[in-house]
Amino acid sequence: MEIKDVEESVQKGIREPLVGKPDQQLVHTSKGHPWMVYFCTFVAVCGSYEFGACAGYSSPTQDAIRKDFSLSLAEYSLFGSILTFGAMAGAITSGPIADFIGRKGAMRVSSAFCVVGWLAIYFSEGPVPLDIGRLATGYGMGVFSYVVPVFVAEIAPKELRGTLTTLNQFMITAAVSVAFTIGNVLSWRALALTGLIPTAVLLFGLFFIPESPRWLAKRGQQKDFEAALQILRGKDADISEEAKEVQDYITTLEQLPKSRLLELFHRRYLRSVTIGIGLMVCQQFGGINGICFYTSSIFELAGFSPTIGTIAYACLQIVITGLGAALIDKAGRKPLLLLSGSGLVAGCIFIAVAFYLKVYEVGAAAVPALAVTGILVYIGSFSIGMGAIPWVVMSEIFPVNIKGQAGSLATLTNWFGAWLCSYTFNFLMSCSSYGTFILYAAINALAILFIIVAVPETKGKSLEQLQAAINS
């Protein structure tokens, strides 16, 4: 009872700025020059670019690798899909690693696995080294997928947090598009070497940026915490109120029992865990990886040029993701998620109608236009919200004392969903092509309902205010 009283009293104090007058809220730290925050974000999202480079590698290299090593389709499919299993292993360990050795330490570990993986692929003379290298890069991807958005969210001022965290998804999509493009020009070994460039930039940049202040505060490194916060906010910025808010919240959390995995489902944390995992389910089970991995096949089935369709797909994805990054701190997370979910439903319906007409040989002339419209509406809608925002919200809502375990669980859910969706897509399409997209439309409609009912708006609040309000 004493712990509960302490927690409630401090949370009450932390929540007061949410309903106070604007001039009473924290404004001191937002007036400094955030160039260091931008630089730190650039360094961190090199990990996101590495993520995209890993994900985009297998598609343009398929024919060349199969020819050089005489691989069957099943053997190459193992090479492509083993990445996801590595990523799931990375997801499971990402939170504990980031909690134990810090966010920068976790990025170093992830980079090391990616370097080893790319070199194994480059020097491979058979399928076994190829698979080992792919598994290692997958592990690095899994760690990056958690630690990059968490680090960016923890260093960013509240008015920039959404935009900067969304750059994680922007860099992933940019890297995938670059890999698709240059993979048609470079050999598969040379393309593997290009994967070393973002890790080199990241490892070099980590020497010049501070550790996450919130992680330092959690570890009890008070002087380092204040020094890191001062560097991020500018040497002339007044950090006293922000530092006090962070420290007070950390103190509250330290008085709670040490968190274990089962405690994530305690009433105190159940809402944040439900939101974090629920958004990852919404993101993956709506069909994105099936559509992403088999875009060319869908265009071919619909009778449209896969080359033109894939180029349009990649360009639209980059542009709309950038637009989403620009809007997220103005429009808010929830409105963009609802807009995104509505577009996903519409895109799936367009594609379903196209395949229905194709199956029953009705209105065949309209099939290519409907399929292309559906895919472009789908990927544009995904890019504006559902692609990036679940990662943004995940990085915001978990208190620092459960962030490692809860974040790992949410990231694992995401990667499991990615594997399940890509694995089942061909089976579903063989059963019913239009029925597959009706199913995805229904799942995305349920996602809209979940967002309306369960997901709060997180724009414009400090992490401490937000976490106290959700986990009260």
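This is a predicted model: local features need pLDDT of at least 70, side-chain atom pairs count only at pLDDT 80 or more; totals for chains, interfaces and linings use all residues.
Residues are numbered from 1 along each chain as its sequence is written, and side-chain values use heavy atoms, with hydrogens and water left out.

**View A. Domain 1 and domain 2.** The protein is divided into domain 1 (34-209) and domain 2 (265-471), with bounds that come from an automatic or database domain assignment. Their C-alpha centres lie 21 Å apart. To the contact (heavy atoms within 4.5 Å), domain 1 gives 34 residues and domain 2 gives 34 residues. About 2,900 Å² is buried between domain 1 and domain 2, and carbon and sulfur atoms give 67% of this area. Buried area is the accessible area (1.4 Å probe) that two parts lose on being put together, summed over both.

**View B. Helix 16 and helix 17.** Helices (H or I, at least four residues) are DSSP runs, numbered from the N terminus. Helix 16 (residues 333-359) packs with helix 17 (residues 367-386) at an angle of about 160°, and their axes are 7 Å apart. Axes are lines fitted to C-alpha atoms, for helices over the stretch in contact, and angles run from 0 to 180 degrees between N-to-C directions. Helix 16 and helix 17 are therefore roughly antiparallel, a term for angles over 145 degrees. Their crossing is left-handed, meaning that the near helix is turned anticlockwise from the far one by less than a right angle; clockwise is right-handed. The residues of this contact comprise 19 nonpolar, seven polar and one charged. Ala, Val, Leu, Ile, Met, Phe, Trp, Tyr, Cys and Pro count as nonpolar, Asp, Glu, Lys and Arg as charged, and the others, Gly among them, as polar.

**View C. Helix 5 and helix 18.** The axes of helix 5 (residues 127-155) and helix 18 (residues 389-397) cross at roughly 65° and come within 9 Å. This crossing is right-handed. Helix 5 contributes Ser 145, Tyr 146, Pro 149, Val 150 and Ala 153 to the contact, and helix 18 contributes Trp 391, Met 394 and Ser 395.

**View D. Helix 16 and helix 18.** Helix 16 and helix 18 pack at about 150°, with axes 10 Å apart. Helix 16 is therefore roughly antiparallel to helix 18.

How values were computed
Helices (H or I, at least four residues) and strands (E, at least two) are DSSP runs, numbered from the N terminus. Angles under 35 degrees count as roughly parallel, over 145 as roughly antiparallel, 65 to 115 as roughly perpendicular and the rest as oblique.
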